[in-house]
Structures are given as C-alpha cells and as structure tokens.
Amino acid sequence: MSGAALAEAPAWATRAATSTCAHCGGETASGQRFCCAGCGAAFETIQQLGLGTYYRDVVRDNLARRLQPNAEPRTDLARHVRTAEDGSHELTLAVDGLQCGACVWLIESVLARDPRVAGARVNMTTRRLKLSWNGTVEDGAALVGHIEQLGYRLVPFDPACLAAAQDRTGRELLRSLAVAGFAAANVMLPAMAIWVGLFSDMGPATRALMHWVSAAIAMPAIIYAVRPFWRSAWGALRQGRTNMDVPISVGVTLVTGMSLVQTINHAEHAYFDGAVSLLFFLLIGRVLDHYARAHARAAAEQLIALQQTDVAMLEADGTVARRDAAAVPAGARILVAPGERIGVDGTVVQGETTLDTALVTGESLPVSATAGTRVFAGTLNLGAPITVRATAAGGDTLLAECVRLMEAAEAKRGRFVMFADRVARRYAPVVHLAALLTFLFWWGVQGMGVADALLIAASVLIITCPCALALAVPAVQVIGTGRLFRRGVLVKSPTALERLAEADIVVFDKTGTLTDPALKLVSSHDPDGLKLAASLAATSRHPLSRALAAAAGPVVPAEGVAEVVGAGLACGDIRLGSAAFVGVEATATTPALYLARPGAPVVRFDFAEALRPEAAETIAALRGLGLEVQLLSGDREAAVADAAARAGIATWRAGCSPVDKVAAIEALRASGKRVLMVGDGLNDGPCLAAAHVSISPSTAAEISQNAADVVFQGASLAPVADAIRTARRMKRLCQENIALSLAYNLLMVPVAVAGYVTPWLAALAMSTSSLLVIGNSFRLRRQAR
Amino acid sequence: MTPLLWLIALSVFLGGGGLALFLWASRNGQYDDMDGAAQRILFDDDRK
C-alpha cells in the first residue's frame, strides 16, 4: 500500500467517536470490534472453548493492567520448573492483568481443557498461578502461551524465593490462635460455674473438681500457645533488651504455675480462664499484625517478580539464549529488540537507535545511540535492534553506584522504632517493678505466705498485661493498610505509615512522578494532517509518535512505513519527523514533529510533558495538610521550571545528579525536616532510601520500587495526599487506643495491688478493654470517602 | 455429679472436634486465598 490509500486518510476524521474493544475493553477505531489483531484472536479462542460467559461476568478493574495479547517477549521458564518424583512438573507464576473473579475462572478453565494439565489454581489474594502438568518441561511454555495469548502476563517465580516465602510463622500463629480460642471457650464452662459458686453454695469438693477440669483443658493449650511469646521474649532478653513479650510470657507462666499450685492445694482462686483468654486476645493481635505484613510483602514480591528481566545473549556459536540479566558475564554480547529494556550496563557495538533514558537520568526526551555509546540497565530501546557488549559488573556501573549510594543512605536512616515498641520499652519495666513491689509488700511487710503473696503479684501482672496495648496498633494497621490497598496504595514497610504521618516536607522528582511518563500533544491546527500523521506514528514506538497517535484517537496504521532511526518516518512521499528530516527550518523550542506531504504546507506538532492527573490539586492538598513541597529533577532547567509552575511548586532545582539529590535531602534532614521523597527513576533510588519515608509510582524502576516504603498504582497523583491523610488518622487512632488501654490499666492496678482482683474480675476487665480498643479502631473503616 | 462429668467431657470432645476441623482446613490451604474463595462461588464450573 502507499500514497493512494493514504490520500483517503482525511475521511477518517469524519467518522464517529470511539467504541470499546470486545476483548480488553480498551478504545478501538469506530466500527471495529477489537483494538488489535491479538484481542480478536483471543476473543475467538475463548468463544471456541465455550467460555464466552467470561465477557458477561468480567468486571473491569481500572487499577489492573489492561489485557494485551502478544505484548511481551517470552521469558525463560525452564529454570523455574520443579519436577516431582512422579515425573510431573510444577511452576508458580505471577499473573499480571487479573481483573476479577471471572479472570480466575477463565484462566483455570482454559488450562483445565488442555489434557496435559494436572492442576491449575489461581490464588487471587497473592495473584499467583500454581500450574502442574505431565509431559516434558518444554510443554510448560505452551501452557503459559495459552494464557499469554489471552492478554495476561505470566512471570515465573524463582523456586528458591518461594521456599523462603512459605509462611511458617503465619501458620504457627494461626494454629496457636485456634488452640487458645478452643481452650478459652471451653475453660469458660467450669469457670462460669466457679464464679456462680462463689455466691451460692458450691462445695469445696465441686470447686476443686472444676479447677481440675479447667487445668486439664487450659494447661496443654497454654503450653502450646505461649511458645511464640516465649521465643520472642527470650530473643529480646538474650540481646539485653526487653519488649512487650517479656511481661506477657512471665505473667502467663507465673499465673498458670500459681493456679496449678492453688488447684493442688484446693484453694479458692485459680486463674486458668484469665491466662487462656489473655493468650487468645494477644494472639488475635499477633495474627492481624502478621497478615497485614504478609499481604504487603506478597504485593511487593509480585511487583518485583513482574519486573524481573531476562536478556537475549549471543552465545559463542552465534545462537541466541535468553539469560537472567544478573547471570550475564562481562564481555557478553546482548541483543536488544525495539521496545525492550536493556538489562545490563554496556556499550553499543552494533546498530543505531534512540533510547528512552527517563528512568535512569530523568531526561524526558529520547537520546540517540550509535556504536560506542555507553548505555545503562533500565534504558528503553525505542528504535531499531542493537547489540550491546556488557561491561564489567564492577563498582563502576551506574546501577552498582546507585545501589552503593542507597545502602549508605539506608544505613544512615538506622532503625526506626515503632511507637508501640517505644511505649512497651518504658512500660514493661514499670509492670515488673509494680508486681515485685506488690509481692514484697504482702510477703515482707504484711507477713503473708509466699504462695498467697505470689498470687496477688501474679494478678497484678495479669491485669497490667498489655492485652489491649498489643491489640491497639495491629487492629488499626490492618484496617488502615486494607483501606489503602483497595485504593491501589501498597504499604511495603510496617513502619512506613507511622513515618508518613510525621513527614513535614515533600520532595518530588519530575519525570515520571510529577509528570505523566508519556508526552502530550499540545498544538495541532490541522485535523486532517493529524489523522494522517497518526496513521504513520501508530507504527512507531518513539514517545513522540505514541503521543501523536494517542492524541489523534484510534486510527488504522498506515502500511509500508519505514523508520529512519533518530530522524523520522517515511511512507511514500509522506514524511513525519524532525525538521531536518522533512527539510524545513526548525522553528520549535519544545519537542516537535513535522509532517510533510505533497500538495500541502508542512505541519508542526508541539509536545510537552503533561502533569499527572490531579497533580496540581494534590500539591494544593499537601499544602493544606501543612507540608512544604519541593521539586528536584535531573532534567533541563526549562522543562523543570515549566512543570513546577504548572503544578504550583515554588521551590525547585534542575540538573541534579543522584549525588546532588541525596545531598539536598541530607541537608533538609540536617535542618530538622522529615522528608517524604516521591520518585520513580533509577537515579531516585538513593534519595528514596535517604529520606525519612518514600513513595514511588508502580511504574517506577525496580531499584526505586525496592527502596520505596509505599508504592501507588494508577495515573493520578492523588494517592500521595490520601496516604498521608490516612497515615495521620491511623497515628491518632493508635495513640487513642494506647491511651485508652493505659488509662484502663492505671485504674485497675491499685485494685490488683490491694489484692481485690478475683479471677472473674480479671477476665471481665481484660475482655472489655480489648473490645474497647478494637471498637475504636473500626472508626477508621467507617469514615467513608 | 456424674451427669455433670459426662456433659463436661462431651462439650470438650465436641469443641475438640471443631478445633481438629479448623486445623485440618488450615493445613489444607483453605485459608490461603480468602478473596478468591469469595468470588469463585459466583461462577458456574463445568469441570468434572
């Protein structure tokens, strides 16, 4: 095809507006059912398999990646396959593009229709597919291919990582919780009888029997369920520290031991019910805490797995093998296809192309590369295929430099102590001292027997036992992180929200963080020209081409377009590209494309970086929250000044290297500020680590995602302000909860010291304080926004 | 006294049954995917 068909191009402009693709839900050219051939094929496949109800049931999730059939090169699977003794193979994969339950059903149903598949199960919480099949290892690629054809992206998990992620602690906690819950419920049966017996005519023999029944139920359960606390307490004591688990372990053990002695002596009071329900409540807090962290960790692992890259390495015999980027030796030659990210640092040895270095340097415009140009891992190849020779994996690579800076910065941040732990460190010694003094008073001053005095001391420990304190923070955290997660904000570090609540200055990076990763077309006066240019641009991956194609709406790509690397596109007589390429004088100061066609004047298209949606509103909201806002960028001064002006940021600096940025952050910290850094590039990794707390968009480079405490999804910048608001509210709720439980203990301690606490009072006191704290935490959830 | 002993033994036994069931379910991985379990029930499954 050539100029003849393209001459009809203006007719497209008159066609009606867009419609949605029947497969992926994206925009299509009007009249078309599908946005691309891949979607059409996927739709066919699903219909042929008789799974068409998928389209009726699917609920599109705007935060999830849209289905893109045949978008990504296949990764190397064989390395990750585990083979069982019976000859079946197993593979665990991260699934990207999962929208709702219908996707789970579709993936499982498609795989179940292949006779080789022995089992396929998608876990929707962790977004992982566990696939097992019979046959050869290579069959796995075909099975994964079925799903990738539908538009999902599957990335294998390393078996070594999976073994480490086996959630042993979580299961142990859950089992302990079950055992403690069972015992707490059943021990109440004799306990109630004893409490009632205190006011009626229960004989000593019956009471003794009830105590023995309680002991029979409670003792094994306590011995089983107290182990997580003992382990943690012992670990802390060995390092010469004390934590909340020390008074818990000592208290529970002492109370249980004393109760057993009392039972043997047929005494009036035994605290089995109190000890078991205490453990039960504490374990609820522990399990909640663990699940909140496990959820965040799984989400972070998913992000990392999806970014893992492998590279096409040229072997000595001229064949191409896909290798892990980390396993590439220095001096190896790597083939980089257009649209692929370069996986290694190296030098171009062959080919000529343009590179998008935004993630590495923050430069928003593509740079050209020819043989001899140094390139860095994380750079995107936009133009033609190139060959890169990997350089020594020594300390001189940019990536290694960034990692080194990041480690240094992280070491400086040191260990942030959580609020609850800080309270516990002060609280624990006070509790021990109070119990000891109580014992000494009753035994030494009042001349009471050792056993009775110990029992009163134990009741002090039980009543002061920070049951509500241990629930106070986890309950708020679970509700808070869950709320943020539903809005596409992942909290990776357990202390992140506390630190976020303390931030008083926000430092933004520009390219990719404050601005949209893609450029936007800002001027076009010629709709026909735009349509024609877009049909050429649709064939290219250059950022300006893509911006042009996006601005024009869906068009049918022109055929026979030749791309001249670093210059432009040509289709017959029609040329789209730089000023020199179309043969006119350059007239633009911003990035621009020129379109030349026979019989019409040259048209210029101007581009600019667009701010992320709601960027200006978010900046204003951050100011409203009392935070200062600054902009630090590695880009050119004009671009930074423009973005700062549009976003409403007064303080900005351009042309910063990674070292400059870290220095700027350090200077702010030195002046007593608590810095929140928001950035996405490779060069931002070190300052994300150096800041008090950090946030990255989920499109960020791997290194900055690893360094960030919080990752947000979606195009809008609004989650940044949202996260801060939620973090502050959580902090206030945590403080309220801790104040509540401390006030409560303060009230009960004198009663316990005086020796008036009986088992029923202890049990009642504990439950009410815990319920109070949990109830208060749920206020976070009720707040609808 | 004797009926009381029987009843206590019975209740502990029943409670223990519940506990065993829970431990079995948890070991069986039935608590691994809470989100998925809520959604799966909505889809007709024509697999054997």
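A:D606 and A:R604 form a salt bridge (a side-chain nitrogen of Lys or Arg within 4 Å of a carboxyl oxygen of Asp or Glu), with their closest N and O atoms 2.8 Å apart. Welcome to a predicted model, where local features need pLDDT of at least 70, side-chain atom pairs count only at pLDDT 80 or more, and totals for chains, interfaces and linings use all residues. Residues are numbered from 1 along each chain as its sequence is written, chains are lettered from A, and side-chain values use heavy atoms, leaving out hydrogens and water.

**Salt bridges**
- Over all chains, the whole structure holds 16 salt bridges.
- A:D606 counts as buried because its relative accessibility is 10%, while A:R604 is partly exposed at 31%; buried means under 20% relative accessible area, exposed over 50%, and partly exposed in between (1.4 Å probe, protein chains only).
- A:R227 pairs with A:E172 in a salt bridge, with 3.8 Å between the closest N and O atoms.
- This pair links distant parts of the chain, 55 residues apart: A:R227 is in helix 10 (residues 227–238) and A:E172 in helix 8 (residues 168–199) of chain A. Helices are DSSP runs (H or I, at least four residues), numbered from the N terminus.

**Nonpolar patch**
- On the surface, A:L433, A:L436, A:L437, A:L440, A:W443 and A:V450 form a nonpolar patch with about 570 Å² of accessible area together (Shrake-Rupley method, 1.4 Å probe, only the protein chains shown counting as cover).
- Patch residues have over 30% relative accessible area and no salt bridge; nonpolar side chains (Val, Leu, Ile, Met, Phe, Trp, Tyr) are joined within 5 Å, like charges within 9 Å.
- Helix 15 (residues 419–445) of chain A gives the most, with five residues.

Methods. Helices (H or I, at least four residues) and strands (E, at least two) are DSSP runs, numbered from the N terminus.
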